[in-house]
Amino acid sequence: MNDSVYVGNAGKDAALDRGWLLGHFKDVDDPRHSDALEIKWGVHPRGDQRSQWVKGEERTALLVLISGRFRVELPGRSVLLEERGDYVVWGRGVDHSWFAEEESVVLTVRWPSVPGYA
């Protein structure tokens, strides 16, 4: 067995760490530890929403819709992800929030993986 390989299931593993599959917050001896990026498998029931806007973001983010209907709120703009594979990217310093219009699964990739964020 090679300890530098991890095989898992995104749905099951995500449930163990608020959706996060990879990032600086994983143990350093875990192959899923990374200072370069973070990956989240987000499962959101209909009506789920971020309790407050993220402000002063230090990372770039990519959010891809796997299933459902998911709205991302950005300053002066609302982006609706409604077809599998729809995605939005925003850069460092862009405030954001989100709302699940339907039960949704979204894959989020953020970089770099910055300590102090979970």
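**Loop first, then the fold**

Author: Helices (H or I, at least four residues) and strands (E, at least two) are DSSP runs, numbered from the N terminus. This is a predicted model, where local features need pLDDT of at least 70 and side-chain atom pairs count only at pLDDT 80 or more, while totals for chains, interfaces and linings use all residues. Residues are numbered from 1 along each chain as its sequence is written, and side-chain values use heavy atoms, leaving out hydrogens and water.

Reader: OK, so is Leu-16 buried or exposed?

Author: Leu-16 counts as exposed, because its relative accessibility is 72%. The cut-offs are under 20% relative accessible area for buried, over 50% for exposed and partly exposed in between, with a 1.4 Å probe and protein chains only.

Reader: What about phi of Arg-18?

Author: It's near 50°, a positive value in a residue other than glycine. Arg-18 is also in the loop between helix 1 and strand 1, and Arg-18 is exposed, at a relative accessible area of 55%.

Reader: Switching topic: which residues does a cis peptide bond join?

Author: Trp-111 and Pro-112, with omega at about -10°. Pro-112 falls in the segment after strand 8 (104–111).

Reader: Now the fold. What order do the elements run in?

Author: From the N terminus on, α-β-β-β-β-β-β-β-β. The protein chain has a radius of gyration of 14 Å, close to the 13 Å of the globule rule for 118 residues, so it is as compact as a globular protein of that length. That radius is taken over C-alpha atoms, and the rule is 2.2 Å times the number of residues to the power 0.38.

Reader: How many residues are in the largest nonpolar core?

Author: It has 13, and Leu-63, Phe-70 and Trp-90 are among those with the most contacts inside it. Such a core is a set of buried Ala, Val, Leu, Ile, Met, Phe, Trp, Tyr and Cys residues joined through side-chain atoms within 4.5 Å. Strands 3 (60–67), 4 (70–74), 5 (77–81), 6 (87–90) and 7 (97–100) each give two or more residues to this core.

Reader: What does Val-88 touch?

Author: Not counting residues up to four places away in sequence, Val-88 touches Ala-61, Leu-62, Leu-63, Val-72, Leu-74, Val-79 and Leu-81. Contact here means heavy atoms within 4.5 Å.
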